[in-house]
Amino acid sequence: MRTTKTSQKARLRNFVAVFFALAAGKSLGADSPATTDPLLDLFVKKGYVTQQEAEQVEAEAQAMQTNGAAYPPAEQSKWKITEGIKSVQLYGDIRFRYENRDASDSADNHIDLQRIRYALRFGLRGDAFDDFYYGLRLETAVNPRSPWVSLGTSSSSSPYQGPFGKSTDSIGVGQVYIGWRPSDWLDVTIGKMPNLLYTTPMVWDSDINPEGLVERLKYTVGQADFFGTMGQFYYADFNPNNVSPGLGFNLGAHDLGQQTMDIFMFAWQGGLTYHITPTTSAKIAVTLYNYAGLQGSQLGGSATSPYFGDTYVGEGAYYYYAGGTPGLAPGFAGYSPGTQFSAPGIEGNSSLSYPFNQTGLNNLMVLEIPFEFNFKVHSLAARFFGDFAYNLEGAQRAEAAANAYSYILANTTAASGQGQSIARSFSAQTHDVKAYQMGFGFGSDDMVYGPTEGLVYGSSTHKHDWEFRTYWQHIEQYSLDPNLIDSDFFEGRENLEGIYAALAYAVSDNFILTVRYGYAQRINKILGTGGDNQDIPQMNPINHYHLLQADATLRF
């Protein structure tokens, strides 16, 4: 029995020592006087411990506290974020794609691309103090209308050292911007940014990140959310803007120096979203686009490649070369990478790599009206959507194109050995000045949908979500900016109409499978299919176009 009581008292003394080391740590470690703790005095009075044991407990507690202070502090993270940053989000995606892209001309000659491709995008975005925010995104490839890289196309080096090289595996800055949001109704963004306009891929390829300044306004009245967006985009920089003759600029123009203007694109948009019920809404906007700084390269001393300021022609080069080269097909575009055509009759009417201009911005004042109607069908989210665009100066653009084409064919002898050009001019097609898109989509109801938002675009997902969308699209030859329209659907070309369909399924919260298909055909058989896209630039006009894409996307 005595042994049992002794062991119990020992255990009690140890417990009291630990208790005091923990509970009284603050007073013991803060220059407290070396006196008996009142709680220990109470334990002595009750007979739980003797005075000697109480003193021993206090000594042991002090020793434990002293020994604990000798331990080194926990190692802190080596990653530091400046105090000016409120939040940081790492985001991006890795995508793999099988693609079959086919184009044919009026004689049923084909160009068929079958590719396995990949794309990587990763970035940082977040909020800073004093109402500022920021974003930075890096992505593969240098094409502004596509981040995709084809497997098997890279060379290792020069001299060639084998397959699986890295020559096309470049990383570029896709977005870099800062913004200021001083109030709920005002937002200002500057830099290379995601497209902040309410628009569709019919007018803007979803991969394009415009550069410049954007101001956004919004205001709510009852069930209507009004918004306004103004964009001032830096379309092309042609510095140095002024160079005196004799300093080595434009040697091909007898060293006349250089007098150029930078090109700006302006967008003016107003619209509203009207909430009819909690599950039903309608959205519409009106946007006007115009350009400033256009300058034709035919002016002496100008250097404006790739000739945005010149007259848009949009035709292929088959009749220019007159079929003089054996085997030339009716769809021959005259494409020659990097060539600046300067033959008589071509000056002022070509664009980089093409004998006839495919990029000109003359007589473009485009009115765009995108819209959508969102509603529920049982547990599914559904939407009708579309877009309508009309070039207010389209008739003048058509007249300029017809005149330029007729002049070239009537006054130009083709390159040596390729024969005389054939006069095949046409009257100005002044009614080909509009574009429109009409579509329908439905899918899971826990996602945000929009013209370039939803599971089909990989912008949001939850496990087992799905989406289907389809649309009919019609783009006439003189209706839109050919440098901005979707490079996939349909090949970044005008004078094509066709159907698009896509189905996407989320295997998990961040893994998506998507299939897309599109078919298009030429609208006006008199005209070419104008535009400059680097997938199939060798054919103009395109009579029929097919595109199949199967994607696997991992979001993070």
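Are Tyr235 and Phe308 buried or exposed? Tyr235 is buried, and Phe308 is buried too. Buried means under 20% relative accessible area, exposed means over 50%, and partly exposed lies in between (1.4 Å probe, protein chains only).

This is a predicted model: local features need pLDDT of at least 70, side-chain atom pairs count only at pLDDT 80 or more, and totals for chains, interfaces and linings use all residues. Residues are numbered from 1 along each chain as its sequence is written, and side-chain values use heavy atoms, with hydrogens and water left out.

**View 1. Phe96 and Tyr118 form a tilted aromatic pair.** The whole structure holds 28 aromatic pairs. Rings of Phe, Tyr and Trp (its six-membered ring) pair if their centres lie within 6.5 Å; planes under 30 degrees apart are stacked, over 60 edge-to-face, and the rest tilted. Here the centres are 6.5 Å apart, with 40° between the planes. Phe96 lies in strand E1 (residues 89–104) and Tyr118 in strand E2 (residues 110–127), so the pair ties together parts 22 residues apart in sequence. Strands (E, at least two residues) and helices (H or I, at least four) are DSSP runs, numbered from the N terminus. Phe96 is partly exposed, at 45% relative accessible area. Tyr118 is buried, at 18%.

**View 2. Tyr235 and Phe308 pair edge-to-face.** Their ring centres are 5.2 Å apart and their planes stand at 90°. Tyr235 is in strand E8 (residues 224–236). Phe308 is in the loop between strand E12 (280–292) and helix H5 (318–321), 73 residues apart from Tyr235.

**View 3. Ring pairs build a cluster.** Its members include Phe373, Phe384, Trp466 and Phe468.
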